[in-house]
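Subject: Structure for you to look at

Dear colleague,

I am handing over the structure we spoke about, and my notes on it follow below. Please read them with the structure open beside you.

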Amino acid sequence: MRLHRNLVFTVIDSLLAIFNEGEYADKVVARALKKDKRWGSSDRKFVAETIYEVVRWKRLYTEIAEVKEPFTRDDIWRIFAVWAVLRGITLPDWKYFENTPARKIKGRFDELSKTRKYRESIPDWMDELGVKELGEELWTKELAAQNQQAKVVLRVNTLKTTKEKLRAQLMDLEIETEFHDGYDDALVLKERANVFMTDLFKEGLFEVQDGSSQLVAPFLDVKPGMRVVDACAGAGGKTLHIASIMENKGQIIAMDLYESKQKQLKLRARRNGAFNIEYRIIDSTKVIKKLHDKADRVLIDAPCSGLGVLKRNPDSKWKLQPEFIDQIKQTQREVLQDYSKMVKVGGKLVYATCSVLPSENQEQVNHFLTTETGKNFQLIKDHKVLASESGFDGFYMALMERIK
C-alpha cells in the first residue's frame with residue numbers, strides 16, 4: 001500500500017479532533033469523507049477504516065509510541081507510524097517518519113500483546129469490571145470479538161419487498177449478501193460497501209441494522225392491529241422493524257426525550273412507507289401517565305453503557321467513565337418502573353440493552369420483579385447475545401407479561 005499525503009493528513013486531523021477535542025468518531029469520519037469530492041471509494045475506505053483502527057487500538061499504539069495525552073500533532077504522527085509499521089506498510093520519505101524505529105515498534109507490540117488490557121486496548125477500570133461481571137475466560141473472548149470490525153447487516157423492509165428479491169437486486173449492483181439462520185429479515189454483506197448511496201436504500205427497501213438489534217422486535221411478540229409503545233425510540237431502527245412486522249396495521253407510539261431523534265425517525269418512516277407511527281416527546285411525566293394501562297406491548301430499549309457495541313463505537317472505550325455506568329443503572333431502574341406502567345393487564349413488556357454486563361441486564365430485571373410495580377409482571381424468557389458467540393453486537397432482552 002502506498003500512502004497518499006492528502007489522505008494521511010485528513011486522518012491525522014481527524015484523530016486530533018477525536019482524541020484532544022472529545023469529538024465522536026462517527027461524526028468526525030462523516031465530516032472527513034466530505035472533504036474531497038474527487039476521492040474514490042478506495043480513498044474513502046482508507047480514511048474511514050484507518051481512523052477507526054487507530055481509535056480502536058489507541059491504548060496499545062500510544063504505549064508503543066510512548067506518547068501521552070493531550071497529544072501534540074507530532075505525537076499523532078508517531079501513533080500513525082506505529083499503525084503503518086504493524087500493518088507492514090512501507091513508510092514514505094516524509095519528515096514525519098524520520099527515525100521511525102520499526103524493529104522497536106514490532107518488539108514492543110510482541111511484549112505488550114502478552115497483557116490483555118494492552119492487547120485488547122482498553123482502560124484498566126473497564127477490564128476489571130468485565131472480569132468481575134463475566135469472569136476471566138468469557139471476558140477475554142468477548143473483548144477479542146468486540147475488537148473485530150463490525151459486519152454490515154441490512155434489515156429488509158418487508159413492507160416493500162422480500163429478502164430474496166432484495167438480494168437479487170443487490171447482486172445486480174455487485175453487492176453480495178448472504179442469509180443468516182435465525183435472523184429472518186437480515187442480509188449480511190460479504191464485503192463492505194456504501195449501501196446508502198444505492199437507489200434501493202433511497203426507495204426504503206432496507207435499513208442498516210445489526211443482527212442482534214434485529215432480534216428485539218420479533219422478541220416483543222407484536223401482531224398487526226396492536227397498540228405498541230416504543231418508549232426509548234431514538235432514531236427508530238426497532239420502531240421501523242415493529243412497523244413492518246405489524247404490516248402497518250394498529251398503532252405504534254414512538255417516544256423519546258429528543259426532538260432531533262424523532263425528526264430522523266420521521267424521515268426514515270417516510271422512506272420506509274411506515275404509516276402507523278405516532279410521535280411523542282417525553283417532556284413531562286404526563287406523557288407517560290396518559291398511557292398507563294393502555295398498551296398491548298411496550299419496548300424499553302434502555303439507555304446503557306454500550307459495552308456490547310464497542311466494535312461499532314470504539315471511541316466509547318475512551319469516553320465512558322465508571323461513574324457513568326453507576327448513573328445509568330439508576331436510570332435503567334427508573335425507566336423500568338415508570339414505563340412499565342403503560343402495559344395493560346395481559347400485555348407484554350421487553351426490556352433490552354446493548355450491554356453485556358449482568359448488572360445492567362438480568363440483575364435489573366430481577367430487581368424490578370421484586371418491586372411494587374414489578375410484582376404485577378412475570379418473566380416469560382430472556383436472551384443474552386454475546387459478540388463472541390454470535391459475531392454480531394452484544395445484546396440483552398427480557399420478555400415479561402403483566403399478569404395483574
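Leu187 counts as buried, because its relative accessibility is 0%, and in this predicted model the residue belongs to strand E3, which covers residues 186-189. Once neighbours within four places in sequence are set aside, the contacts of Leu187 include Val152, Val153, Leu154 and Val156, as well as Lys163, Leu166, Arg167 and Leu170, and also Thr177, Glu178 and Phe179. Between Leu187 and Phe206, which are 19 residues apart along the chain, the C-alpha separation is 9.5 Å.

Strand E8, residues 295-301, is mostly covered, with 7 of its 7 residues buried. Strand E5 (residues 227-230) pairs with E8 in the parallel sense over 3 bridges, and within that pairing Val228 stands opposite Arg297 of E8. E8 is also joined to E9 by 6 bridges, again with the strands running parallel, and here Ile300 has Tyr351 in E9 as its bridge partner.

Asp221 meets Lys223 in one of them, with N to O at 2.7 Å, and meets Lys348 in another, with N to O at 2.8 Å. Since Asp221 lies in the loop between helix H12 (216-219) and E5, while Lys348 lies in strand E9, the latter pair ties together parts that are 127 residues apart in sequence. Through shared partners, Asp221, Lys223, Arg297 and Lys348 are joined by salt bridges into one network. As for accessibility, Asp221 is partly exposed at 24% and Lys223 is partly exposed at 40%, whereas Lys348, at 16%, counts as buried because the cut-off for that class is under 20%.

A separate salt bridge joins Lys104 to Glu66, with the closest N and O atoms 3.4 Å apart. This pair links distant parts of the chain, given that Lys104 sits in helix H6 and Glu66 in the loop between H4 and H5, 38 residues apart. Lys104 is partly exposed, with a relative accessibility of 46%, and Glu66 is partly exposed with a relative accessible area of 46%.

Which residues does Phe80 touch, leaving aside its neighbours within four places in sequence? The contacts are with Leu3, Val8, Val11, Ile12, Phe46, Thr50 and Phe97.

The search for aromatic pairs, run over the whole structure, finds 15. In one of them, the ring centres of Phe80 and Trp83 are 5.2 Å apart and the planes are at 35°, so that the pair is classed as tilted. Both residues, Phe80 and Trp83, are buried, and both lie in helix H5, 3 residues apart, which is about one turn of the helix. Phe368 and Phe377 form another tilted pair, at 5.5 Å centre to centre and with 55° between the planes; Phe368 is buried at 2% relative accessible area, and Phe377 is buried at 6% relative accessibility. Phe80 and Trp83 also belong to one aromatic cluster, together with Phe9, Phe46, Trp77, Trp94, Tyr96 and Phe97.

Two lysines have their charged ends over aromatic rings: Lys151 sits over Phe392, 5.2 Å from the ring centre, and Lys319 sits over Tyr24, 5.1 Å from the ring centre.

Finally, a note on Lys341, which is placed in the loop between helix H17 (322-339) and strand E9 (343-353). Lys341 is partly exposed, with a relative accessible area of 32%, and, with neighbours within four places in sequence left aside, is in contact with His292, Asp293, Thr373 and Arg402. From Lys341 to Ala254 the distance is 16 Å, C-alpha to C-alpha, for residues that are 87 apart in sequence.

With best regards

How values were computed: Residues numbered from 1 in each chain as written. Predicted model: local features only at pLDDT ≥ 70, side-chain atom pairs only at ≥ 80, totals over all residues. Heavy atoms only, no water. Contact = heavy atoms within 4.5 Å. Phe/Tyr/Trp six-rings, centres within 6.5 Å; stacked < 30°, edge-to-face > 60°. Helix = DSSP H or I, 4+ residues; strand = E, 2+ residues; numbered from the N terminus. Buried < 20%, exposed > 50% of the residue type's maximum accessible area, 1.4 Å probe, protein only. Lys NZ or Arg CZ within 6 Å of the ring centre and 35° of its normal. Pairing = 2+ DSSP bridges. Salt bridge = Lys/Arg side-chain N within 4 Å of Asp/Glu carboxyl O.
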